[in-house]
Amino acid sequence: MTDRRGPTYRRRGMVLPMMLLILVLLGVMAASSAFYVHADLSATQSIALRFQARLAAQAGLQKVMLNLRTDQADVDAWYHNPEQYHRVIVWGQELNDEELGTNQEFEEVSPIYRFSVVADNPNDDEKLVRYGVTDESSKLNINVAGRGQLLALLSQVVLDDEINIDELVDALIDWRDADTVPGPFGVESEYYARLDPPYAVKNAPFDTVEELLLVRGFDGALLYGEDYDRNGLMSPNEDDGDETFPPDDADNMLHLGLYPYITVASRSLNRASDNSPRTYIFGDRSAISEALSEVVDDRNKINYISESGTANPRITTPAGLLKPRLLGEDGGQQQQTEVFSPITLEDMEWVMDLLTTSMQQEFVGRININTAARQVLAVLPALEEEDIDAILEARGELGPEQKRSTGWVAPIVGVDKFVAIAPLITTRGSRFHVEVMGYGDHVGTMVRLEAIIEMRGPVAQMVYNRDITMLGTSYPIRYFEGDPDLVGFTR
């Protein structure tokens, strides 16, 4: 039988499949649109969470600046203080004012933002976190360090016997000095002009520590060691040989490289621990006597100090008062005679705090004897290993008042060694390195900031600030059963 429905019927038969296809396409488009809307919403939420974490980190920086205004002279208040700097609450959705600014923990997870001010102590066992601030004066300033000091530090840090330390040191010095004459093992512009791409030697001080990577012989392995995330903790990828970046020797030890021990930012003000001007030994005798009478009862000691400025021009640091004074050095007598010094090693505690032989307002490159690592203390002249051991042991037992002056070191090392190191040490730098993490408990979003804060009396100024979040969440911000305890600390 012949089908007489014709072409019109067949066209009508195509409508249903086409409508189904259109519906499918519309469904795909709707799903795709929903996916993109969801992705955009997630991205917006992620940006918002990151922004809130950044605000928490910045709150940590402001907390440090506030504490340094009031407790800069108290090293124990900022060097390691978990109560002030570990998991401090900045904001919580359901928290009251009494809970903000505390370290309180809560069983129920709710939106809470915190900050932690974290640092490493190069003398620890690579498993503990220090919650505090680092005085830049606890490091060796590569802009002013002498050749002997640089050699002393690199000989401890560079583990590869095939690396010529003399070449590293002379190349560093040639980079920073103003002349164009290379040192015995150094290089000037001729070497850098042959590189691809070529560049000129700076012949000026370093602006950052990372600038060392431009100097011949220095690379990432030398500067950062195996600690490429720069937190002082040994991560699994930093002890697995060549399996993952960075390269390491898989010896179950973390090689920190040069980075934790060097700086370009160390400064210390020539002021007493109470921020008052120090008394100038070579100034007016009556003024010296009047200033010392307020803190010293022994008139014999006061007279000796007030007369030493003009009678003993060899004094280059208040520690020189420990030495006998020679009468006649100023031409007043034909024959020189020694005058016994009534100043004792124990007197150095107030002598080094109150007196000065320099009219400089600040010193560059002095090393903080209270916080410097063993490797940095080893660059001080005359000190032997047993002296460094004694200093490290003693400073862990001293109170904040004793740490205000470098004089506490004098009885430990003796007269000659203290006189040798006194011009190179301090107890109170004016610039502080701060690394702070802001994060959300409920999501784990983290921002990691690095800054250098300079204290000019009670005024805090941020002289350096950058975001180092790309280095990763190196310090655990949440703890789980079985995790190692990262709250404890051993100096």
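**Figure 1. Overall view of the predicted model.** Of the 491 residues in the protein, 46% are buried, and the coordinates shown come from a predicted model. The protein contains 14 helices and 16 strands. Among its contacts with a separation of 6 or more, 63% are between residues 24 or more positions apart. The accessible surface of the protein comes to about 25,000 Å², and carbon and sulfur atoms account for 54% of that surface.

**Figure 2. Close-up of N368 and its surroundings.** The residue N368 belongs to strand β12, which spans residues 367–368. With a relative accessible area of 0%, N368 falls under the 20% limit and is therefore buried. The side chain of N368 is joined to the side chain of D135 by a polar contact of 2.6 Å.

Figure 3. Because W91 lies in strand β1 (residues 88–92) and Y113 in strand β2 (residues 112–117), the pair ties together parts that are 22 residues apart in sequence. The two partners also carry separate labels for accessibility: W91 is partly exposed, with a relative accessible area of 40%, whereas Y113 counts as buried at 3% relative accessibility.

Figure 4. The centres of the rings of Y191 and Y192 are 5.1 Å apart and their planes stand at 85 degrees, which is why the pair is edge-to-face. At 27% relative accessibility Y191 counts as partly exposed, while Y192 counts as buried at 1% relative accessibility. Both residues belong to one aromatic cluster, which is formed by W175, Y191, Y192 and Y199.

Figure 5. In one part of the model, R130 lies over the face of Y79, at 4.0 Å from the ring centre. In another, R366 lies over the face of F363, at 3.7 Å from the ring centre.

**Figure 6. Close-up of the salt bridge between D166 and R147.** Side chains of opposite charge can pair when their charged atoms come close. The count of salt bridges in the model comes to 24, and in the one formed by D166 and R147 the closest N and O atoms are 3.1 Å apart. Since D166 lies in helix α5 (residues 165–176) and R147 in helix α4 (residues 147–157), the pair ties together parts that are 19 residues apart in sequence. D166 is partly exposed, with a relative accessible area of 27%, and R147 is likewise partly exposed, with a relative accessible area of 30%.

**Figure 7. Close-up of the salt bridge between E362 and R456.** The side chains of E362 and R456 meet in a salt bridge with an N to O distance of 2.9 Å. This pair links distant parts of the chain, as E362 is in strand β11 (residues 362–364) and R456 is in strand β15 (residues 446–456), 94 residues apart. At 22% relative accessibility E362 counts as partly exposed, and R456 is partly exposed as well, with a relative accessible area of 38%.

Figure 8. R374 forms a salt bridge with D389, in which the closest N and O atoms are 2.7 Å apart. Because R374 lies in helix α11 (residues 374–377) and D389 in helix α12 (residues 385–395), the pair ties together parts that are 15 residues apart in sequence. R374 counts as partly exposed at 31% relative accessibility, and D389 is partly exposed with a relative accessible area of 34%. Elsewhere, salt bridges that share partners join R267, E362, R431, E454 and R456 into one network.

Notes:
Residues are numbered from 1 along each chain as its sequence is written. This is a predicted model: local features need pLDDT of at least 70, side-chain atom pairs count only at pLDDT 80 or more; totals for chains, interfaces and linings use all residues. Side-chain values use heavy atoms; hydrogens and water are left out. Helices (H or I, at least four residues) and strands (E, at least two) are DSSP runs, numbered from the N terminus. Buried means under 20% relative accessible area, exposed over 50%, partly exposed in between (1.4 Å probe, protein chains only). A polar contact is a pair of N or O atoms within 3.5 Å; within protein, one must be able to donate a hydrogen and the other to accept it, and residues adjacent in sequence count only if both atoms are side-chain atoms. Rings of Phe, Tyr and Trp (its six-membered ring) pair if their centres lie within 6.5 Å; planes under 30 degrees apart count as stacked, over 60 as edge-to-face and the rest as tilted. A charge sits over a ring if NZ of Lys or CZ of Arg is within 6 Å of the ring centre and within 35 degrees of the ring normal. Contact means heavy atoms within 4.5 Å. Accessible areas come from the Shrake-Rupley method with a 1.4 Å probe; for residues, only the protein chains shown count as cover. A salt bridge is a side-chain nitrogen of Lys or Arg within 4 Å of a carboxyl oxygen of Asp or Glu.
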